[in-house]
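Have a look at the sequence and the model first.

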Amino acid sequence: GHELTGKYRIQFSHKGRCVGFSAENFLIVSFCDPTIKQAFLYSDGKLKEEETSLCVGHKTADSNDLALVECNQAIQLKMVNGNLLYKNQTGSPFCVSPLRGTKPTSDPDLGAPVALTKCHGYASQISFLEETAFLRDRAALLMQSPHDDDKDENEVKSCSSPALKANNRHPITQLIPET
C-alpha cells in the first residue's frame, strides 16, 4: 500500500486533541496548538520530532507508555484504517491510544499519557494532520481583525476578517403568519 511520508500532527479523532510532549519527553494528550511544536516527520514507520531529533518509542523497556527516545530505539508504527498500529514479536497489534488510568479512553484529560494498548474503538481513532495545512487553517483563526489598530474608538469593528467569517450567522428568515 501507499506509505504516508511527510510532516504531521497526530490527532485523536474523537475529541480532536493532539499528541504533545511533557517536559520529560513523554507523549501526552494536549491541545492542537499552532504555537507549539507538535509535528512529527513520518517515514519508514518511524515518527521523529524535529527539534530534539528524537523518535517515538517505549518510555522504558517494560512500559507501554510512549516517549521520545533515541531513534535507534524507535518503534515501527503503521497507519491502518485510522489506527496507528504497532506489531510486536507475538504479532497481535497494539494501537497508539490516550489513557485514563491504565485503560484507553476516547475522552482523555489534557496531560494524560499516550501509550500502546489493545485497539479500542474511538479511543484509538487517529488522524494525521498535515502540518502546513494545519498551520494554514489555524492561522485564519489567529488573524487580527482589520480594524484592531484603528484609533477611532467610535468606529464599529469590522466583522469581515477570516477568523470572524466562521462566526457569521445566516440571516433569519421571517415566517409569514398564516391567515
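What follows goes through the disulfides of this predicted model one by one.

A quick reminder before we start: a disulfide is a covalent bond between the sulfur atoms of two cysteines. Here the count comes to three disulfides. Counting the bonded cysteines along the chain, they pair up as 1-2, 3-4, 5-6.

Start with Cys18 and Cys32, whose sulfur atoms sit 2.1 Å apart in a disulfide. Cys18 belongs to strand E2 (residues 17-21), while Cys32 is in the loop between strand E3 (27-30) and strand E4 (40-43), so the bond ties together parts that are 14 residues apart in sequence. The link is right-handed, with 100° about the S-S bond. Cys18 is buried at a relative accessible area of 0%, and Cys32 also counts as buried, at 8%.

Next up is the disulfide from Cys55 to Cys71, 2.0 Å from S to S. This one links distant parts of the chain, 16 residues apart: Cys55 is in strand E6 (residues 54-58), and Cys71 is in the loop between strand E7 (66-69) and strand E8 (78-80). Its S-S torsion is about 85°, so the disulfide is right-handed. Cys55 is buried, at 2% relative accessibility.

Cys95 lies in strand E10 (residues 93-100) and Cys119 in the loop between strand E12 (114-117) and strand E13 (126-130), so parts 24 residues apart in sequence are tied together. A torsion of about 95° makes this disulfide right-handed. Buried or partly exposed: which is Cys119? At 36% relative accessibility, Cys119 counts as partly exposed, whereas Cys95 is buried at 0%.

Conventions: Residues numbered from 1 in each chain as written. Predicted model: local features only at pLDDT ≥ 70, side-chain atom pairs only at ≥ 80, totals over all residues. Heavy atoms only, no water. Disulfide = S-S within 2.5 Å. Helix = DSSP H or I, 4+ residues; strand = E, 2+ residues; numbered from the N terminus. Buried < 20%, exposed > 50% of the residue type's maximum accessible area, 1.4 Å probe, protein only.
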